[in-house]
Each structure stands twice: as structure tokens, then as C-alpha cells.
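Please consult the sequence and the structure shown below while reading.

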Amino acid sequence: MSFYAWKPYVPVATRREQAAKKLAKMRKKGAKVSPVFIEGRTIASSFWGKAWCENLERYSDFASRLPRGRTYVRNGSVLDLQITKGEITAKVSGSELYTIKITITAVAVTRWKSICSDCAGSIDSVVELLQGRLAKGVMDRVCRQGEGLFPGPKEIKLSCSCPDWADMCKHVAATLYGVGARLDKQPELLFALRGVDAKDMVVGAGTLLVAPKRAATERKVLAEDNIAALFGLDMAVEGEAPSATGAGAVAAAVDDIGNAPRQVEDPLAPKTAARRKTPEKRHPTSARPLATPKRAAGPKSKGPAKGTAQISAARKKAVRGRMAMA
């Protein structure tokens, strides 16, 4: 059979069995592999995975080999897939185990700034961004051909160890579709691959504007206008003499405060003591003198002092003498 002749067709079940055996052999040798498993016919189901696959299919440069690549990735032929900054490496099972290396240039700084500027204020959090919960305008901007986040043919360099002369062989196509399937579970790998930070698209989102706390003096100290209104005073402005009305009102207030009787409670007086009865008032024309309140009982008096009795007797004698002369 010629080198350029078509190889015999291998059924899908046989391909999967061969791929499983090669994967087991790699793990037995201690290789840390990350295979791509596709359940069903759908390669990608999330926003980022679908957008990646659609970006591949929109370029005519890749159209001829993409269908074979979809078959390979569905068959489990991508035994290992690693995505790092600017590089994709893979092991794909075919007639042999082939090594694939794909280099993708980082997003230009001006292009990335333009994307972030156009999406500013539309993305609330990184979680929302990675889950693909984006507005249609943001989705269209991110996926824009030649100006979005996804690479174009000129930004991709392809390499495979298979003998196929085409750059986009079925093994490379299977690897690129495998990236779409991987983005379903790890969408952050897209930003790492393009050399950008997803947080840049969420600048200013989720920021809480906390009002500054007022100072204690602002809350507790009254303004001069409030003081004047409270006491009915005419406050003088700094640098001006107080008015006569204001000065008089202040002086009167001070006098009232100073002359007001101060009530001092006797600490020794019992709180439950009965109030004293006030003396009964008599009419002025009544001959009977007003009853005077009885004094509280005290120690018995022994009579007036000796000097006091002599003075009283002398006064009585002087009064009697005046009456006799009259």
C-alpha cells in the first residue's frame, strides 16, 4: 500500500478501546495525564466552551479538518490536554500516540483595554463572568471576530508529530475541540491562555459606597442659631458688639437665676413625716389674738436667768411711775 493511500477504516468502538489501553500504559509509567471525555454528541455546553468552538468554525482556514477532529475528540482520542499561558500541549491517539503543541499569542494590551472598557459596568463579579451569565451586548463584544478575546488563525501556531503535511491535521483539530470541552469545567483557563486577568473586566463592580461617619461633635454640638432660638436670645456675630436687647435679656436671665430661692432638702428629715398644720387665720377685728403654733417639746426650762428677772422688775416699776404722774 502506498504511503499516500487511505488507511483502512477503524470502528469507533475499536478506537476507544485502543485509546483506553494507551492511556492506561501512560499512567502506569507515572505520567500525570488529563484526558478529555465527551458524554454524548455535544462537545461543549457552557458559554465559554461553545464560544471557543464557534470561533474555530468561523475561520475557513480550519474548515477542512475540523469534522475529523470532532470525531477524534468524541472517541476519547485526546488522552492528555494541558493548557498554560500561551501554550496548549496534548497527546492524541491515532495510528500511534502523537504529540501536539499549539502556541497562541497573548492578547494585545490595547485590545484587552478596549474589551474591558466596552464591558465596564456590565459584569458584577468574576463568578458571573466565568459562568457566562453575561448580557448579550457583552457576549457579542467578547466574541467579536478579530477584536474579541478568542484567537484568530494568525495568532495560532500549530504543530503535530504525525506525518500529515497539513498544519491543521485531525489530531490538532481534536486538541482544539478538547480545549472547548475543558472550558466547560475550567473557564478561567481561557484567560490564562491569553495572558490576561479576568478581574480586569470587573473593575469597579461590587464596590459599596459607604457614607463617612459624622464626627461626634457634629452630632452633639448645637449651632449658634439653634441656641438663640432655644433661649430667645440675640446672639452677637464674632467681631460685633452685642445689642442692648440681647445684653439686657442675658442680664435679666442671670439675675433671675441668682435670686431664685434654692430649695435644699433636709437629709435628716424623715420622708414620711406629716406636714405641719398652718395656724388658723382670724379676722382683723377679732379681739382674740391669733393662735400661735405650739413649739416642739424640749427640755424643761428652770426659769429665767437671774439678771433677766431684775431687768424685768425695773421696767415694770418705771412704767408704774409714769402712769402715776399722768
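Predicted model: local features only at pLDDT ≥ 70, side-chain atom pairs only at ≥ 80, totals over all residues.

Why is helix H2 (residues 47–57) described as largely enclosed by the rest of the structure? The reason is that 8 of its 11 residues are buried. The buried set consists of Phe47, Trp48, Gly49, Ala51, Trp52, Cys53, Asn55 and Leu56.

Several elements contribute to the cover over the buried residues of H2, including H3, strand E3 (97–104) and helix H5 (126–130). Helix H6 (136–142), H7 and helix H8 (188–193) are also among the covering elements.

## Trp52 within H2

Trp52 is a member of helix H2. Its relative accessible area is 1%, and Trp52 is therefore buried, the cut-off being under 20%. Beyond its neighbours within four places in sequence, Trp52 is in contact with Ile104, Phe150, Pro151, Leu176, Val179, Gly180, Leu183, Leu190 and Leu193.

## Packing of H3 against H7

Two packed helices are described by the angle between their axes and the distance between the axes. For helix H3 (residues 66–74) and helix H7 (residues 170–185), the axes come within 7 Å and cross at roughly 65°. The crossing of H3 past H7 is right-handed.

On the H3 side, the contact is formed by Leu66, Arg68, Gly69, Arg70, Tyr72 and Val73; on the H7 side, by Lys170, His171, Ala173, Ala174, Tyr177 and Gly178. By class, the residues of this contact comprise 6 nonpolar, 3 polar and 3 charged. Burial in H3 involves Leu66, Gly69, Tyr72, Val73 and Arg74. Just after H3, Gly76 adopts a positive phi of about 80°.

## Ile88 in strand E2

Which residues touch Ile88, leaving aside its neighbours within four places in sequence? The contacts are Leu81, Gln82, Ile100, Lys101, Ile102, Ile104, Thr175, Val179 and Leu193. Ile88 itself belongs to strand E2 (residues 87–93), and it counts as buried because its relative accessibility is 0%.

Ile104 is 16 residues from Ile88 in sequence, with a C-alpha to C-alpha separation of 8.0 Å.

Arg111 is located in helix H4 (residues 109–119). Is Arg111 buried or exposed? Its relative accessibility is 14%, which is under 20%, so Arg111 counts as buried. Not counting residues up to four places away in sequence, Arg111 touches Gly146, Glu147, Gly148, Phe150 and Glu155.

Ala192, in helix H8, counts as partly exposed because its relative accessibility is 35%. Apart from residues up to four places away in sequence, Ala192 touches Thr84, Lys85 and Gly86. Although Lys85 and Ala192 are 107 residues apart along the chain, their C-alpha atoms are separated by 5.2 Å.

## Pocket and cavity

The second largest pocket contains about 310 Å³ of space. Its lining comprises 14 residues, with Phe37, Ile38, Ala181, Asp184 and Lys185 lying nearest the centre. In terms of class, this lining has 7 nonpolar, 3 polar and 4 charged residues.

How many cavities of 30 Å³ or more does a search of the whole structure find? The search finds 1. The largest cavity has a volume of about 30 Å³, and its lining residues are Arg15, Gln18, Ser77, Ser93 and Gly94. No nonpolar residue is present in that lining, which divides into 4 polar and 1 charged.

## The chain as a whole

The chain has 12 helices and 4 strands. Of its 326 residues, 29% are buried. Among contacts between residues at least 6 apart in sequence, 71% join residues at least 24 apart.

Conventions. Residues numbered from 1 in each chain as written. Heavy atoms only, no water. Axes fitted to C-alpha atoms, helices over the stretch in contact; angles between N-to-C directions. Helix = DSSP H or I, 4+ residues; strand = E, 2+ residues; numbered from the N terminus. Left-handed = near helix turned anticlockwise from the far one by under 90°. Contact = heavy atoms within 4.5 Å. Nonpolar A, V, L, I, M, F, W, Y, C, P; charged D, E, K, R; others polar. Buried < 20%, exposed > 50% of the residue type's maximum accessible area, 1.4 Å probe, protein only. 1 Å grid on protein atoms, 1.4 Å probe; cavity = no way out; pocket = protein on both sides within 12 Å on 5 of 7 lines; lining within 4 Å. Points joined across faces, edges and corners; volume = space filled by probe spheres on them.
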